[in-house]
Amino acid sequence: MGYSKAQKARTHKRIVAIASRRFREKGLAGFGIAELMKEAGLTAGGFYKHFDSRDDLVAEAVNSAFGGWKRRVDAAKSGGSRMSYEKLIHDYLHQAHRDDPGTGCAFSALAPEIARSDPRTRALASEQIRNDIQLIAGLLPAKDKGTARARAILTFSALVGAMSLARAASDEALSQEILKTVAGYLKNFASKHQGLEASGIRSTRDKKA
C-alpha cells in the first residue's frame, strides 16, 4: 500500500472514530458533517473523498461503536480480568457509563435514531443485538438454551432501557435510583435462578443415586 493510500486509510479511520463518539454524545442529527470535518482537521469538501453519503458515515460510525462486550470477553480469555454477568451489569449501569455516552453503548445512546436509520445501519444493529444477546446468554445459568436466551433478552432490554431513562432524568437522585434498582433486580434475578438451577441438578443427582 502506498503512502497516500495508507494516509487516506488513517484519516478515514480518524473521521469514523470522531463521528462514532460525537453521534453517541449528540445524536445522529446533532452533529453535522462540517463540524466533523473541522474536528478532524479537514475541509468539509473532503468528506466525499471518504464517504459516498452521510448514511455511509453513520453506518460505519455506529458499527465501530459495537462489540465492546466481546472485546472484553476476548481480553479475559487472553489473561485479562474475568467477564461475569454481575460485572457486566455493574459496569453498564454505572454512573461513569451514564456520564460518558461518547464511549459507551450505542444502543442506550442511539436506539430510537438507529430505528429510523437506513437499511444498512439497521442491519448492522440487528446483527449486533443478536451477538449481544448470545454473549449475555453465555454468562447466565439455565437448563436450556431457550431459557438462557429469554433471560438474556430481558437483561439486555432492561440495561438499555434503564440507562436511557437514567440519562433522560434531570433529577440526580431519580437517575441514580433507576440505575441501582435495575442493577439490583437483575443481579438478584440471576442469583435466584442460579440457585434454583443448582438445586435442580442436586435433586436429579440424588434421585439417580
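Phe66, Trp69, Tyr92, Phe107 and Phe156 come together in one aromatic cluster. Keep in mind as you explore it that this is a predicted model. The protein has an average pLDDT of 90, and 90% of the residues reach at least 70. Among its elements, helix H6 (residues 95-99) has the highest mean pLDDT, 98, while helix H10 (residues 172-208) has the lowest, 75. Where pLDDT is low, the predicted coordinates should not be read in detail.

Now to the rings themselves. The structure contains eight aromatic pairs, and two of them are set out here.

| Pair | Centre to centre | Angle between planes | Geometry |
|---|---|---|---|
| Phe66 and Phe107 | 5.1 Å | 15 degrees | stacked |
| Trp69 and Phe156 | 5.8 Å | 65 degrees | edge-to-face |

Why is the pair of Phe66 and Phe107 stacked? Its planes meet at 15 degrees, and planes under 30 degrees apart count as stacked. This pair joins distant parts of the chain, 41 residues apart: Phe66 sits in the loop between helix H3 (54-64) and helix H4 (68-77), and Phe107 belongs to helix H7 (residues 106-114). Are these two residues buried or exposed? Both Phe66 and Phe107 are buried.

Because Trp69 lies in helix H4 and Phe156 in helix H9 (residues 145-168), the pair ties together parts that are 87 residues apart in sequence. Trp69 has a relative accessibility of 9%, so Trp69 counts as buried. Phe156, at 7% relative accessibility, counts as buried too.

How values were computed. Residues numbered from 1 in each chain as written. Predicted model: local features only at pLDDT ≥ 70, side-chain atom pairs only at ≥ 80, totals over all residues. Heavy atoms only, no water. pLDDT = per-residue confidence, 0-100. Helix = DSSP H or I, 4+ residues; strand = E, 2+ residues; numbered from the N terminus. Phe/Tyr/Trp six-rings, centres within 6.5 Å; stacked < 30°, edge-to-face > 60°. Buried < 20%, exposed > 50% of the residue type's maximum accessible area, 1.4 Å probe, protein only.
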